[in-house]
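Notebook open, structure loaded. I'm jotting down what I look up as I go.

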Amino acid sequence: MYLLTAIVCRAHFRVCKPLLRMTIASGSVLSARDCSQAGHVRNTLRWNLSPDEIRTMTDSLIARVKKVYDDVGSLNIENVSVENTLMTLANAKMDYASSRHVLAFPQYVCPSKELRSASTEAEKRLSELDVEINMREDVFKRITALQNKQKDNLSAEEKRFLDRLVTLGQRKGLHLSKDIQEEIKRTSKLISELSIEFNKNLNEESKFLIFSEHELGGLAATFLSGLDKTAEGRYKVTLEYPHYYPLMKRCHNPETRRKMEMAFNSRCKEVNTAILEELIQLRAKVAHLLGYGSHAEYVLEINMAKNASNVSDFLDKFHETLKPVGIKERKYILALKKRECLMKGYQFDEKINAWDLPYYMNQVEQRKFAVDKDKLIEYFPLDVVTEGLFGIYQELLGLTFTEVEQADVWHENVKLYSARDTETGEEIGQFYLDLHPREGKYGHAGCFGLQPGCRGPDGKRRLPVAAMVANFTKPRKGCPSLLQHHEVETYFHEFGHVMHEICSKTAFSEFSGTMVETDFVEVPSQMLENWVWEKEPLRRMSCHYKDGTPIPDELLDKLIASRVANTGLMNLRQVVLSKVDQSLHTSPRADTAEVFAKHCQDILGIPATPGTNMTASFSHLAGGYDGQYYSYLWSEVYSMDIFFSRFKKEGIMNPKVGKEYRRVILEAGGSVDGMDMVKTFLGRAPYQDAFFQCKGLVNSQEASM
């Protein structure tokens with residue numbers, strides 16, 4: 001999972017936004033030779049595969065990749081060269097990245113359970129191949145020999161790629177004894193298998209609860225009309241986002257919210273708790289074999305943060321800044337709860353429970369900022385939001401999007417678009433939109449890189465392809481799909497990842513698109529979330545779904561002002577998740593439910609619900625963010641500085657700034673260090689003050705990052 005498997009809706013605590021990043025991306029049936037002949041390769045991805053075809057293609061890909069590594073590994077070490085070693089491996093990696101995703105991606109989106117299972121099995125086999133090829137000591141020796149041989153004859157990106165291969169080989173223990181290498185290999189394969197199983201369990205979760213109309217008091221009639229009913233006329237409420245979040249925010253009945261929260265945070269509890277706790281032990285074991293103090297120290301070494309101590313200091317500083325704000329917000333929420341309990345005859349238990357928090361946070365927005373969300377949602381029909389979002393991105397980045405007619409897609413509701421450079425007319429990439437929930441589909445929102453945007457064997461650029469997967473409410477008779485504002489924010493965020501993928505212009509697939517440091521990968525998409533809090537963009541992506549009238553200025557002003565609502569608790573929630581992740585991955589073993597409960601109480605001041613274990617459905621921990629969930633807060637500091645220092649100052653729709661952003665940040669992918677990209681775009685080192693200013697915190701921090 002780029003996540004590193006996908007980029008998941010950070011849903012998201014920002015609840016709607018987990019990010020799964022697919023670092024091993026792609027799905028084309030073209031070989032490297034095909035790419036060379038085609039030049040600018042158009043989208044040739046096929047989705048009408050059978051389980052047998054998936055198995056056959058997996059066999060072929062494995063054989064093809066193994067042969068290349070065998071050839072490189074058998075070279076006379078004195079004869080290694082850029083062409084027969086570095087470029088041969090680069091082309092093999094591109095072929096692999098361009099073939100793998102057509103095999104691994106269907107498990108997240110395919111309507112057929114049989115095909116999803118075949119895809120999952122293919123990913124397991126390819127994950128084993130990952131371990132095998134990453135542990136090739138013979139290939140590693142030839143790479144290090146080339147590094148020693150080639151000092152001054154490489155381009156900057158070629159040198160970066162070669163140095164990366166050497167570093168990754170060392171991080172796999174290829175400089176250690178054979179016994180240790182074999183132990184690392186065995187353990188790494190098991191980690192891959194368990195991670196895939198963890199996310200498969202979540203994807204296949206289909207539980208729902210049944211409630212009477214009385215039990216769903218407070219929910220809008222439009223929400224109730226979209227629910228399926230039992231033969232007795234009771235309502236079926238799933239644990240998918242379009243059902244879970246509206247209920248938790250709007251339902252007056254605390255017992256209904258308790259049942260829903262209990263079910264939601266008990267998803268896959270038994271099986272995934274066991275998997276996660278085994279993963280923690282296995283990751284710690286590999287880190288120890290490699291000579292690191294913990295798994296967190298291992299993964300952070302190649303991130304911007306560098307080590308666990310820096311992450312701890314970063315999170316502690318945030319906690320201290322936000323703590324008094326959180327205390328004040330909790331007091332206000334407790335007063336709201338006491339008042340409502342007296343008015344409605346509920347027993348007041350003198351505390352805020354997990355199932356109270358989203359409900360009363362919503363009350364805070366309504367009372368302090370008077371945002372009428374029932375009215376607001378009517379102004380965000382999905383088609384209008386999409387048209388406005390497209391227009392903003394096109395104008396800002398100098399692009400033109402066109403729908404591809406009669407495209408080969410995996411479901412009838414999926415659409416494929418082509419993106420061209422507006423000035424030159426050159427096609428730069430393609431992207432799919434898959435926006436509505438269905439059984440067996442990936443349950444968050446995310447961007448999946450399907451084909452890298454890099455240089456092919458003939459020197460011409462390969463056309464990148466990406467897919468945005470989300471779970472927005474389906475349209476129904478007489479009513480289109482209507483989005484909550486936080487879903488509009490999620491849409492902007494994930495589409496920002498899509499742009500990062502398709503604007504990429506790197507020499508190597510290893511650096512294509514979102515293949516950057518994990519604690520930098522959110523920066524481009526988080527930065528673009530700011531557009532959904534500005535008047536001009538909001539007007540462009542909204543109108544009433546019945547009569548086309550614009551959002552009234554008064555409602556728009558209240559929405560924008562509400563950005564600072566619950567800022568303490570929202571960001572403390574992120575600190576909790578980041579601290580939980582760090583705690584789990586700086587320890588050799590852990591009771592995951594206990595660790596989560598402790599941090600909830602200590603930092604958020606709200607107890608986790610007894611009998612639940614949120615970490616069993618915390619997909620980031622098995623999707624590429626293990627030891628790295630802090631990245632959301634970390635990268636938001638950079639993204640806010642970029643927005644306020646350049647776009648807000650020079651014009652949020654200024655195409656000159658937008659094109660510079662596309663060139664410096666998006667096109668570079670991972671071919672440049674994240675910090676260097678930020679410094680180039682800002683013209684200075686980044687600061688934290690914009691982040692705290694945006695959050696409405698008066699005592700902004702002025703310390704340099």
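Is Phe472 buried or exposed? I'm working on a predicted model, where local features need pLDDT of at least 70, side-chain atom pairs count only at pLDDT 80 or more, and totals for chains, interfaces and linings use all residues. Residues are numbered from 1 along each chain as its sequence is written, and side-chain values use heavy atoms, with hydrogens and water left out.

**Entry 1: Phe472**
I get a relative accessible area of 3% for Phe472, so I log it as buried. My scale is under 20% relative accessible area for buried, over 50% for exposed and partly exposed in between, with a 1.4 Å probe and protein chains only. Phe472 sits in the loop between β7 and α18. Helices (H or I, at least four residues) and strands (E, at least two) are DSSP runs, numbered from the N terminus. Skipping neighbours within four places in sequence, Phe472 touches a list of residues including Pro242, Leu382, Leu435, His436 and Tyr491. I also checked Gln628: 156 residues from Phe472 in sequence, and 27 Å away C-alpha to C-alpha.

**Entry 2: the sheet**
I traced an open sheet of five strands, in the order β3-β4-β5-β7-β6, with mixed pairing. From one strand to the next the twist averages 25°. For angles, I use axes that are lines fitted to C-alpha atoms (for helices over the stretch in contact), and the angles run from 0 to 180 degrees between N-to-C directions.

Pairing here needs at least two DSSP bridges between two strands. β3 and β4 are antiparallel over five bridges, and Phe401 is opposite Ala419 in β4. β4 (residues 415-421) also runs antiparallel to β5, through six bridges, with Leu416 facing Tyr432 in β5. β4 and β5 make a hairpin with five residues between them, and Gly425 in the turn has a positive phi of about 80°. On to β7 (residues 465-469): it pairs with β5 in the parallel sense over five bridges, and Phe431 is opposite Ala466 in β7.

How many residues of strand β5 (residues 427-434) are buried? I count eight of the eight, so β5 is largely enclosed by the rest of the structure.

α17 (residues 382-397) lies across β3, β4 and β5, at about 145° to β3. α18 (residues 485-502) lies across β3, β4, β5, β6 and β7, at about 145° to β5.

**Entry 3: Asn48**
Asn48 is in the loop between α1 (32-38) and α2 (51-73). Its relative accessibility is 53%, so I call Asn48 exposed. Beyond neighbours within four places, Asn48 contacts Glu53 and Asp408. Asp408 is 360 residues off in sequence but 7.8 Å from Asn48 in space, C-alpha to C-alpha.

**Entry 4: cysteines**
I searched the whole structure for disulfides (cysteine sulfur atoms within 2.5 Å) and got zero. I looked at two cysteines anyway: Cys454 is buried at 1% relative accessibility, and Cys694 is buried at 8%.

Note on methods
Contact means heavy atoms within 4.5 Å.
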